[in-house]
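Reader: Good morning. Could you take me through this structure step by step?

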Amino acid sequence: SSKSIAELSSHVIARLVRTNSRLKELNLKANDLGASSAATIMRGLAQTASITSLNLSGTKLGLVGLPADLNSFFTELSKLKSLKYLSLTNNDLADVPESLCRLVSLTTLQLHGNRVVKLPMALGQLHGLRELTLQGNRLSRLPASLTDCAQLELLDLRNNALQLLPP
């Protein structure tokens with residue numbers, strides 16, 4: 001079977017990031033990667049401890065690939081312990097898995113423009129989170145643990161279906 005350009009490119013990018021221990025920032029915004037190719041890149045990134053900024057906006061994570069690919073992507077992503085900035089905007093994501101909450105160094109998490117219905121209870125583990133953008137999703141409630149994010153300076157909840165806020 002022939003591999004797509006995205007699959008081949010993802011292997012090249014994975015090799016590049018795996019061998020570059022100085023890489024701090026990776027911006028793959030608006031590339032049609034899909035979850036499978038993104039998971040391959042995350043596997044490469046997981047082998048370098050230096051990455052602090054990752055932009056995967058508009059990379060079709062929720063549109064291209066199987067649910068298992070998306071699970072694999074999030075599993076690999078959760079290994080990037082030094083990550084401070086993460087953008088997963090405009091990816092048609094329906095779920096935010098608990099594993100994302102293992103990224104305890106995060107200060108900025110951008111999830112706007114998806115179709116997220118609910119956030120994980122573990123979100124409160126992101127104690128250093130300063131910016132959380134969730135506008136343009138389908139949230140009807142927020143987890144009570146969000147109050148544990150005491151450093152939060154910006155919380156954007158525009159254009160959701162919020163009915164209940166945490167006490």
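This is a predicted model: local features need pLDDT of at least 70, side-chain atom pairs count only at pLDDT 80 or more; totals for chains, interfaces and linings use all residues.

Reader: How many salt bridges are found in the whole structure?

Author: A search of the whole structure finds five. In one of them, Lys 60 pairs with Asp 32, with the closest N and O atoms 3.7 Å apart.

Reader: Which parts does that pair tie together?

Author: Lys 60 is in the loop between β2 and α3, while Asp 32 is in the loop between β1 and α2, so the pair links parts 28 residues apart in sequence.

Reader: What about Arg 130; which residue is its salt-bridge partner?

Author: The partner is Glu 153, and their closest N and O atoms are 3.0 Å apart. Arg 130 is partly exposed, at 37% relative accessibility, whereas Glu 153 is exposed, at 62%.

Reader: Turning to Thr 133, is this residue buried or exposed?

Author: Thr 133 is buried, because its relative accessible area is 6%, and buried means under 20%. This residue lies in strand β5.

Reader: Which side chain does Thr 133 join in a polar contact?

Author: The side chain of His 112, at 2.8 Å. Beyond its neighbours within four places in sequence, Thr 133 is also in contact with other residues, including Leu 154 and Asp 156.

Reader: Now the largest pocket: what is its volume?

Author: The volume is about 270 Å³. The pocket is lined by 16 residues, and those closest to its centre include Pro 67 and Asp 95.

Reader: How do the lining residues divide?

Author: Ten are nonpolar, three are polar and three are charged.

Key. Residues are numbered from 1 along each chain as its sequence is written. Side-chain values use heavy atoms; hydrogens and water are left out. Helices (H or I, at least four residues) and strands (E, at least two) are DSSP runs, numbered from the N terminus. Buried means under 20% relative accessible area, exposed over 50%, partly exposed in between (1.4 Å probe, protein chains only). A polar contact is a pair of N or O atoms within 3.5 Å; within protein, one must be able to donate a hydrogen and the other to accept it, and residues adjacent in sequence count only if both atoms are side-chain atoms. Contact means heavy atoms within 4.5 Å. On a 1 Å grid over the protein atoms alone, a cavity is a set of points where a 1.4 Å probe fits but cannot get out, and a pocket is an open set with protein on both sides within 12 Å along at least five of seven lines; lining residues have an atom within 4 Å of a point. Grid points are joined across faces, edges and corners, and a volume is the space filled by probe spheres set on the points. Ala, Val, Leu, Ile, Met, Phe, Trp, Tyr, Cys and Pro count as nonpolar, Asp, Glu, Lys and Arg as charged, and the others, Gly among them, as polar. A salt bridge is a side-chain nitrogen of Lys or Arg within 4 Å of a carboxyl oxygen of Asp or Glu.
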